[in-house]
Amino acid sequence: MNGGCLSVELPNHDMKKNKLKSQSKKLINRIYSHYLFIAFLLFMVRQPAFSQEKKMPGYWISTAQQRVNKPNTWIAFRRDIMIKNKTLQALTTIAADTKYWLWINGKLVVFEGGLKRGPNPKDTYCDKVNLGPYLKKGKNQIAVLLWYFGKDGFSHVGSGRAGFYFSMKAKQAELNSDDKWLCSIHPAYGNTDAPLPNFRLAESNIRFDARKDIAGWQTASLNSLQGFSAAEKIGLPGDAPWNKLVERPIPQWKDFGIKEIKFERHKGPSADTIVGALPYNMQMTPIISVQDDKGGHLININTDHSVAGGTNNIRAEYITAKGFQEYESYGWLNGEKILLIVPKGVKVTSVKYRETGYNAAPEGTFACNDEFYNLFWKKAKRTLYLNMRDNYFDCPDRERAQWWGDAVLLMGESFYTYSTSTHALMRKAIRELAAWQRPGGELFAPIPGNFNQELPDQMLTSIGEYGFWNYYMNTGDRKLITDVYPAVKKYLNLWKTDETGLTVLRKGGWLWGDWGDNKDLRLIMAGWHYLALDGASKMADALGYDQDAADYRQVMALVKAGYNKCWDGHAYRHPLYNEKTDDRVQALAVIAGIADSSKYADILSSLKTELHASPYMEKYVMEALFVMGDGKYAIDRTKKRFAEMVNNPNYSTLFEGWGIGENGFGGGTTNHAWSGGAQIVIAEYLFGVKPLDAGYKTFLIAPQPATFTSANLTVPTIKGLISTSFQNNADGFRMNVIVPKGTTAIVRLPSGSKVYVNRKLLTEKDMNVEELLQKTRFTTFKLVSGKYMIKRQRSL
């Protein structure tokens, strides 16, 4: 060895010596080449996320004013750009902490852009928009109003620094955020006095002092903007604290336009109250027109939900200028009514609102002969739409938080009510849940947010049969389950079984189970554990992880055996549980397949006397009743339990608990979409419509009319609209079905009677062979795409 190089001496063998030297030299060159290649790879691996962002043009910008990073700060940005020729394409990336409004030439182009942070604990969402249609030849005035939340909540984790990023590229023009932009903290925006929104909300109350407004700043000449100065460059794309930009995965909000409402003015001793009734509970921004001959008067802008759910929520204030003025408060509120507290001498000439919401169409339809269920469906659909925006959330007033017990039900309801654009909101929710997983494997929610406690039952619900797997079956989105499966496996590895096979109780950060009393928590948790394992085993099958699937099913067998050891001859009860028999536990045993049919009669008897589930878990009780074949009692029980909220004429939405306030749960909000879970059961069991193959390639229609004599349903799927309707009376059962192109419907009807399809008698050769061999109590047959009229005669 000389100098670290390989040298071999073979005396008296020159040819071999020279040959070996040559081979050694080649070997050294090869090693050196490999070294350079590996070094290059290592260099590239260390660069990508950061360097790719660094290559993006422009800067994060803000104002240099000292109080810029205080909560509830509003910053106005201005920039002009010359366009030589009209263009239809001007692709633009916009990011903000936290929200922004964008005008081009005085026209409001983006209303409340940006999403709450974040896609994961570090990074920031950005919008991709085409501004081409709004640009004109010549000078174009770009104006942006930024709202910096500056505080965390149950649906947002801020970066700690107000910032704005903009990069537009057109055919003959390019505009990026830099120090050529002018900006200023908007002096009219500020904080209200107490009461302030509760700690769960990242948004603040907004006070706007019209005396300090910057008149016409969106279109004024740049040299006339007093108080504006050059923006400060505070970071490059990819820099902390915003880090990587993740493209917004959901559409921009749907703007329903500005509408005026009638109002009444009720006189008071020092101020009057104006009440304007909205058509229903909605996400909206209030707009008021005011005449004040003096100015300087404070108007309180509230809704009937500014104090609701047991706490203070969001409201706004407006301080008048002298003369006539119109003002829109940009922080969205919700409610059934707009309430204004107006000083004497101030005249309100009009009250308007702008409804905005998630960009989805109510394509799913339902109607039946039972007016209670028609009203239930209407209120459930309204509540669902009210509870989706940046994310699915529990309520629009108290929290706006993506609790995953709620999210699972909201996703299930969306599949039967709103257009497939809601699938993007589901993907966002699922990706976020996996991305926020802790290194130890724990999942927690609501995320994104600053609540860091694990609710074990809700986490099991999310990753299982009704959560991730149900999403896959409805969408066929294999990539998503591929991406999140490792998080599912890692979380399930935290769960153990005891010597009986039953799931060991993991308390997590909050051992919840459900609202209400009489919770047999060991069995509630075991039921959700079993369903999570079932969903994971199906994911593993689909992805080709055979050993994982076998391992999950082995644990399922243990849990099932342990659960069944808790059967006392009449109901499932854990030996250490001493309260009333838990209806939730019986339902979970049925829908999971833990309970066999020999136990159904006793479980049915139990469910007719035990009514402890909250509206959240009542959906699963209703489903269990249909599984056991007692759809009539399922319909009757649901009607009885939901009667107070459905029949209440003062609310267009469904409640969190069975009553309001103290009569409810968790503060008693009146707009909790989890109470719409019966929509899923009606669609999947009363009509029997559900996917059999991922993405609705094949789907089931297995109606159980229960107490309904007539009903119709339209289901929006990725394959198109499925339509089914039936009439069920003494003459027989008739059903009309539309099967979308490229799909196959498997129709299942009770056997024992003749069945006609488009007036043709169905024979054995038309039926499913497997069903015939099994001699089941059903007649099963296939329908390819098309329209069908099906008739089943009554048995004699």
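The charged end of Lys-599 sits over the ring of Trp-567, 5.6 Å from the ring centre. Lys-608 places its charged end over the ring of Tyr-633, at 5.5 Å from the centre. A charge is taken to sit over a ring if NZ of Lys or CZ of Arg is within 6 Å of the ring centre and within 35 degrees of the ring normal. The model is a predicted one, in which local features need pLDDT of at least 70, side-chain atom pairs count only at pLDDT 80 or more, and totals for chains, interfaces and linings use all residues. Residues are numbered from 1 along each chain as its sequence is written, and side-chain values use heavy atoms, with hydrogens and water left out.

Aromatic pairs number 57 in the structure. Rings of Phe, Tyr and Trp (its six-membered ring) pair if their centres lie within 6.5 Å; planes under 30 degrees apart count as stacked, over 60 as edge-to-face and the rest as tilted. One of the pairs joins Trp-403 and Trp-510, edge-to-face, with 6.0 Å centre to centre and 80° between the planes. Trp-403 lies in the loop between α3 (371-386) and α4 (404-417), and Trp-510 in the loop between α8 (478-492) and α9, so the pair ties together parts that are 107 residues apart in sequence. Helices (H or I, at least four residues) and strands (E, at least two) are DSSP runs, numbered from the N terminus. Trp-403 is buried, with a relative accessible area of 9%. Trp-510 is partly exposed, at 31%. Buried means under 20% relative accessible area, exposed over 50%, and partly exposed in between (1.4 Å probe, protein chains only).

The largest nonpolar core has 153 residues. Such a core is a set of buried Ala, Val, Leu, Ile, Met, Phe, Trp, Tyr and Cys residues joined through side-chain atoms within 4.5 Å. Trp-404, Trp-528, Tyr-563, Tyr-572 and Ile-790 touch the most other members. Helix α9 (residues 521-543) gives the most to this core, with 13 residues. A second, separate core holds 45 residues, including Leu-201, Leu-278, Ile-301 and Ile-314.

Strands β19 (residues 298-303) and β24 (residues 333-343) pair in the antiparallel sense over 4 bridges. Two strands pair if DSSP finds at least two bridges between them. β19 is also joined by 4 bridges to β22 (residues 316-319), and these two strands run antiparallel. Here Asn-300 has Glu-317 in β22 as its bridge partner.

Elsewhere, 6 strands form an open sheet in the order β5-β4-β7-β2-β10-β13, with antiparallel pairing. β5 (107-113) and β13 (229-230) stand at the edges with a single partner strand each, so one side of each is left without a neighbour in the sheet. β5 pairs with β4 (residues 99-104) in the antiparallel sense over 4 bridges. In this pairing, Leu-102 stands opposite Val-110 in β5.

Helix α7 (residues 468-475) is mostly covered, as 8 of its 8 residues are buried. Among them are Phe-468, Trp-469, Tyr-471 and Tyr-472. The buried residues of α7 pack against α4, α5 (422-435), α6 (456-463), α8, α9 and β27 (689-691); contact means heavy atoms within 4.5 Å. Gly-476 follows α7 and has a positive phi, near 70°.

UniProt places the feature "domain: Alpha-L-rhamnosidase six-hairpin glycosidase" (unreviewed entry) at residues 364-612. UniProt positions are given in the numbering used here, feature names are shortened, and annotations may be inferred rather than shown by experiment. The span is 54% helix and 2% strand, and its end C-alpha atoms lie 31 Å apart.

Some backbone features occur in loops. The peptide bond from Ala-240 to Pro-241 is cis, with omega near 10°. Pro-241 is found between β14 (232-235) and β15 (245-247). The bond from Ala-445 to Pro-446 is also cis, with omega near 10°, and Pro-446 lies in the loop between α5 and α6. Asn-72 is not a glycine, yet has a positive phi of about 65°. Asn-72 lies in the loop between β1 (60-62) and β2 (73-83) and is buried, with a relative accessible area of 3%. Arg-400, likewise not a glycine, has a positive phi of about 60°. Arg-400 is found in the loop between α3 and α4 and is buried, at 4% relative accessible area.
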